[in-house]
Amino acid sequence: MNQDFNPILNNPYDEPTRYFDTSGDGRLNATEIKFGRRPFVPSFSAVPLTGRPQQDLYHVEELAQNAEQHTINLLRKEVRAWRESGYAGSITRVTKELLQHWFLNEQRIITKTFFFAQREAIETAIWLNELAPLSNVGTEILRRLKEDNTRGLPQEMILPRIAFKMATGTGKTTVMALLVLYHFFNRREYRNDTRFADNFLLIAPNITIKDRLRGLIPNEETSVNAEDDYRRRDMVPPHLRQYLPTLSNKLVIINRHKLERRNIQGNKVSPLDGKAGQKPEERKESYASLIKREFGKFKPKSRLLVINDEAHHCYFPKENDTRAGKEEAAENTRAATWYRGILALQSRFELHSVCDLSATPYYLSGSGYPANKLFPWVVSEFGLVEAIEAGLVKIPFMPDFDDSLNIKASAFLNLYDDQATRDALGKISKGKAQPFARPVLPPLVVNALKQMYEHYEEQEKAIGSLFTTPPVMIIVCPNTKVSAEVAKYVAGFQLEDGSPFEGYLPMFSNFDQYGAKRRPPTLLIDSEALDEAGAIDENFKKVFSRELEEFKNAYRVRYPEKSVENLTDADILREVLNTVGKPNTLGQYIRCVISVGMLTEGWDANTVTHIVGIRAFGSQLLCEQVIGRALRRLSYNLSEVKEQNPDDKRKKLTTTRFAPEYAHIIGVPFDFMPAGKTPPPVPPPKTTTIFPVRERAEQFQLFFPNVEGYRLEQQPSEILADFSSVPKFSLNSADLPTKVEMRTAFSNELQDRLELKDFRDCREQELLYALTADVLEKKFNNETHYFGQLKPIVQEWLDTCVDLQGNAFKNMLFLYLQSGSTKVSEHIYRAIQRGTNSDDIKRPILNHYKEIESTADVFGVTLRETYAPRKSHTNLIVADTGLWEQQAAKVFDILDEVQSYAKNAFLNFAIPYVADDGETHKYYPDYLTLCKTPSGKMLNLIVEISGMNQDKVAKKHYVEEYWLPSVNNVRHTYSNTIQHEWSFLEITNPQTMQTALSQHLARFS
């Protein structure tokens, strides 16, 4: 990394005067600095691309020429001229005093000075309120804003909104405080001036942000020690401080849930409660009742100023938007509740204006509006690029290049792009939670966690005592099941016998060899559940029960005056989460936060240095919000910087700026390219939904074992191995990158690296021991007396069968071991199977999340032809090969011997086998049937119709020699589901199917 390069160009307290040359596609050129304010361009990318050669002929200045008349650029020009005049013009005396105290006060100390981003936002709000009606330009801007608010909405749905776009870390809460004070003190002085609001309502999207906004409620005491934002930041002129406590009577702070009407007399519906036959909407309380309960202290028809925090969650979605998915539909419902609540307030009070603040004031995907389009009522913009150039936020390092064979991007940019990883995480998500089993994660995820942890460990040791609390890594997971596996890998867990399993990342482990640590460094949190429902899942509490108890004990010590018995587990965890990175709090010692879903907006830990995303990101808005959790600065101390004087190359200029801080982010696929033109919609193809029919379940539901591998339960006296026909086991950095370059947007030279270093230092004997133990556990039922025989076999495999490609090294096999993968043990076991002859008893290795599957889980959408069955649990049968599948289904319907059948479409009935390439694959037969033999015996019969074209010999071998005998050996254990004998039949011609099926069933009579 080039330590001399400083990407911070501007002092954070002054209007920006320089910016990096930028092409039209958002790429920055750190070798050329432009002078002046970065122009605002509506279509410009919100986040810079990594530093690469520019390919776009157009630059941001050229694009800006077409945007000079945009509302934001017009306002910038007018507000700048007003600022430079010393705030001359027809403004009130109180406004003049406030502006003087805030921005022209020579006595203000630097630590309480407001950032320019904050200053410009409040100046814009004041100019619009007092000066805009007095000029032609201002009148035109107000006309545009009114038009932008009415666009596409009926008259009764219109709200008077203005929005302020402020990047994460630029201080939105301070702007809210200044805005409230501006109206409050002016209203107190000029009671009949309708330009100023009587009361103030602050709305947050969740509990976390609501708690953060409590600093805007003034303390009753008037002492200088009062802990509210107004006095901590010296926002109130001395002669007005005596009036500040009365503000609390005019201010209400809520989260958006308070705008949701309650159900009348609970949720129960019966003929006796008068709600039978009513629609859900009719069973809710009126808005008048809600307003009286929540806002009773506001006088009706008084002027009300509404301030929306994270306001991109407040919109009225367009109806009948069929493109919205499940999550998007839920967000639309919440957004509509927020919006309708403000509309109801407008009917009760005189709505002065609705001020929106957000780092991303864009329409959300699925809202019915163009996704990621800026709200048209935005009046002030200080985006992420400007925030980086002003040093207000950390500079993100993103994966740019690695030694894998991924062509488009680094494998670490989007872990979900890897199909095997996506499938493995999907299997965990659908399976049954196993709190006492060892962690199972995809090797690529283990690789990413390991490399990111090693980088964290190096950085933490390097900074030493600079942090009063440790730096923090965030790991974002899709659901509680995946987060539980990640937590077991990272932080360890308690085995069923009470003994500890230490996590693989020592600094994050909540356990050591002696048991549970007194101060758990890793926090597993479901932030959405905490903020949306105020409750946590029971399984979550089981996984994290010990840590909850530890936090409760710490809470008793830290807050002896409070009763911990009155707190819920959710209260405790929210307190821990909200105090991460803050000295002398419950969250002080947290090093790693494993989050279910996206971490809550408003979570302001400034010690976050690393983020790992292990989930799909459906929109760029999600990506920016997740990245935003790592961008808050740790230090706000200015330092002197000497640089070239542009007017005199022989001299140096001395300026003051913040020192750069960095955050490292992987797995969050931020697409830095600006959105292109939306193509016309393509007519959707005709699809058919396949699902189980509830009424058919009792008669036709089929069950099958979820087999992942095989093992020998009764072992031979001598174990041998034959490696002569076993293919090589490939270890390739093309699949698991060993080196990842992290790059910012500001220079090709400025870069950092992740590297898989830890395993390199392990001796080969450690690897040999670990591999032998893995084979013993997975294939020999942990019968330790075989360890001595297995060890030389594993040594031979290491010496002769491991093929290293690219930058790979043998100790990378630890990635497979720590991920819980069976790939290595399967490969070694294949040689043992070939070399050992015995009458062993085979047993299946069942999926430890869900051992038995059934037709009840079938659900999918197909474009193929279908057939309506008579004896199947599902509504339709999907055809894969023209008429053969339909003909086979009809034969099953005709034959009396067939009691029930299911097509293996969306059923996921798989038979694992090892192909000639040494890789473990899955074979999906065509049909699963339950038949009756001539003697009346029931038989589970697997039927293959069209033949096994690829790996036919291997597939048939594993079906007949492994799957069938192993499953038949355990079927009696599952007496309610798969208790009948299993068999396999291949049919190459449906026309002879009846005869072939009858002959096969006769063999089992």
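Helices (H or I, at least four residues) and strands (E, at least two) are DSSP runs, numbered from the N terminus. With that in hand, the protein chain has 27 helices and 38 strands. Residue numbers start from 1 along each chain as its sequence is written. The model is predicted, so local features need pLDDT of at least 70 and side-chain atom pairs count only at pLDDT 80 or more, while totals for chains, interfaces and linings use all residues; side-chain values use heavy atoms, with hydrogens and water left out.

**Exercise 1. Work out how H2 and H5 pack.**

Step 1: Two packed helices are described by the angle between their axes and the distance between the axes. Axes are lines fitted to C-alpha atoms, for helices over the stretch in contact, and angles run from 0 to 180 degrees between N-to-C directions.

Step 2: For helix H2 (residues 71–84) and helix H5 (residues 136–150), the angle is about 150° and the axes are 11 Å apart. That makes H2 roughly antiparallel to H5 (angles under 35 degrees count as roughly parallel, over 145 as roughly antiparallel, 65 to 115 as roughly perpendicular and the rest as oblique).

Step 3: Who touches whom? H2 brings Thr71, Leu74, Leu75 and Glu78, and H5 brings Val137, Ile141 and Arg144, where contact means heavy atoms within 4.5 Å.

Step 4: Sort the contact residues of H2 with H5 and you get four nonpolar, one polar and two charged. Here Ala, Val, Leu, Ile, Met, Phe, Trp, Tyr, Cys and Pro count as nonpolar, Asp, Glu, Lys and Arg as charged, and the others, Gly among them, as polar.

**Exercise 2. Classify two aromatic pairs, Phe493 with Phe501 and Trp963 with Trp982.**

Step 1: A pair of aromatic rings is described by the distance of the centres and the angle of the planes. Rings of Phe, Tyr and Trp (its six-membered ring) pair if their centres lie within 6.5 Å; planes under 30 degrees apart count as stacked, over 60 as edge-to-face and the rest as tilted. Searching the whole structure gives 39 aromatic pairs.

Step 2: Phe493 and Phe501 have ring centres 5.0 Å apart and planes at 35°, so this pair is tilted.

Step 3: Trp963 and Trp982 have ring centres 5.4 Å apart and planes at 75°, so that one is edge-to-face. Since Trp963 sits in helix H26 (residues 952–970) and Trp982 in strand E38 (residues 981–986), the pair ties together parts that are 19 residues apart in sequence.

Step 4: Buried or exposed? Trp963 is buried at 0% relative accessibility, and Trp982 is buried at 2% (buried means under 20% relative accessible area, exposed over 50%, partly exposed in between, with a 1.4 Å probe and protein chains only).

**Exercise 3. Locate Asn781, which has a positive phi although it is not a glycine.**

Step 1: Its phi is about 55°.

Step 2: Asn781 lies in the loop between helix H21 (764–779) and helix H22 (787–800).

Step 3: With 36% relative accessibility, Asn781 counts as partly exposed.
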